[in-house]
Amino acid sequence: MGLLQKFEDSLDRVVNGAFAKAFKAEVQPVELAAALQRDVDDRASVLDRDRTVIPNVFHVELSDHDYKRLAVFKDALAAELATLVTTYAGEQHYTLLGEVRVTLSEDDELETGIFRVRSEAKAEVTSRAGVVEAAEPAPPASAAAAPSSAASAAPEATLSPYEQPAAQSHESSGSQSGGQPRLEVGGQAYPLLRAITLMGRGTDADIRVEDPGVSRKHCEIVVGNPAIIRDLKSTNGTFVDGIRIDESTLTEGAIVKLGGTAFTFRSS
């Protein structure tokens, strides 16, 4: 049985067969599943021989009509879509840097039957009881997501199969290779794939640090030669090699500390 068929069967069981009766037209859940699977493949980014990272946060935008029709099953649908991406990542030996999350929202500019998928990378680091550890990657050989372009400033949008072909543009990232600047903690590497990487406890952070001593928008790292780290007026400060900074360059092996979480900077 194919992955999409398993998705349909699983979702149908969750909602007691309602999908088999309710979705005969407009946007159907399996179309969303296929779009996420296609987006994962299109945006897979090769970091080195052993790691190909993919997006792990997906925002599905629907027309007002389709959203209202799907809203009653929204939580079940989002959970099943996240499971599908996690399973597919494992099958393809992709790497996820954080938990897969899917949200559904409405866009009144979209017509019925048209939907859009925006995906991005959200790395997560968890700090508990004074012990810093990497957030558990989704099952073996699964992984964490990352944008397809190092300079990408916004999530890429994937349009539904019903959009005009000219609107369906994807940037292939398979050519990206080793030498990627990154932060390391607890045996896990977090590539700095954006031109500017936001770190903090907020859900909009590119690298989310779940540490009570970390502000929602704590600091940012600007990738360059050299790389630069800036404190964003955090409550407890940003430290580089034990010194509190407002702005500092980062050199190979520098220790960046936010709250009780310490990262090692690797330039390549």
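I began with arginine 266, which is partly exposed because its relative accessibility is 25%, and the cut-off for buried is under 20%. I kept in mind that this is a predicted model.

**Entry 1: the partner of arginine 266**

I looked for what arginine 266 meets, and found glutamate 252: their side chains form a salt bridge, 3.0 Å from N to O. This pair links distant parts of the chain, with arginine 266 in strand S19 (residues 261–266) and glutamate 252 in the loop between strand S17 (247–250) and strand S18 (255–258), 14 residues apart. I then checked glutamate 252, and at 44% relative accessibility it counts as partly exposed.

**Entry 2: glutamate 61 and arginine 118**

Next I asked myself: how far apart are the closest N and O atoms of glutamate 61 and arginine 118? They are 3.1 Å apart, and the two residues form a salt bridge. Glutamate 61 sits in strand S3 (residues 57–62) and arginine 118 in strand S5 (residues 115–120), so this pair ties together parts that are 57 residues apart in sequence.

Are the two partners buried or partly exposed? Glutamate 61 counts as buried at 14% relative accessibility, while arginine 118 counts as partly exposed at 28%.

I also followed the shared partners here. Salt bridges join Glu61, Asp107, Arg116 and Arg118 into one network.

**Entry 3: glutamate 26 and arginine 69**

I turned to glutamate 26, which forms a salt bridge with arginine 69; their closest N and O atoms are 3.5 Å apart. Glutamate 26 lies in the loop between helix H2 (18–22) and helix H3 (29–43), and arginine 69 lies in helix H4 (residues 64–71), so the pair ties together parts 43 residues apart in sequence. I noted that glutamate 26 is partly exposed, at 33% relative accessibility. Arginine 69 is buried, with a relative accessible area of 18%.

How many salt bridges does a search of the whole structure find? I wrote down 17.

**Entry 4: helix H5**

My last stop was helix H5, which covers residues 74–92 and has 19 residues. From its first C-alpha to its last, H5 reaches 27 Å, close to the 27 Å expected at 1.5 Å a residue.

I listed the buried residues of H5, among them Leu77, Leu81, Leu84, Val85 and Tyr88.

Just after H5, I found histidine 93 with a positive phi of about 60°.

Terms used
Residues are numbered from 1 along each chain as its sequence is written. This is a predicted model: local features need pLDDT of at least 70, side-chain atom pairs count only at pLDDT 80 or more; totals for chains, interfaces and linings use all residues. Side-chain values use heavy atoms; hydrogens and water are left out. Helices (H or I, at least four residues) and strands (E, at least two) are DSSP runs, numbered from the N terminus. The expected span of a helix is 1.5 Å times one less than its number of residues. Buried means under 20% relative accessible area, exposed over 50%, partly exposed in between (1.4 Å probe, protein chains only). A salt bridge is a side-chain nitrogen of Lys or Arg within 4 Å of a carboxyl oxygen of Asp or Glu.
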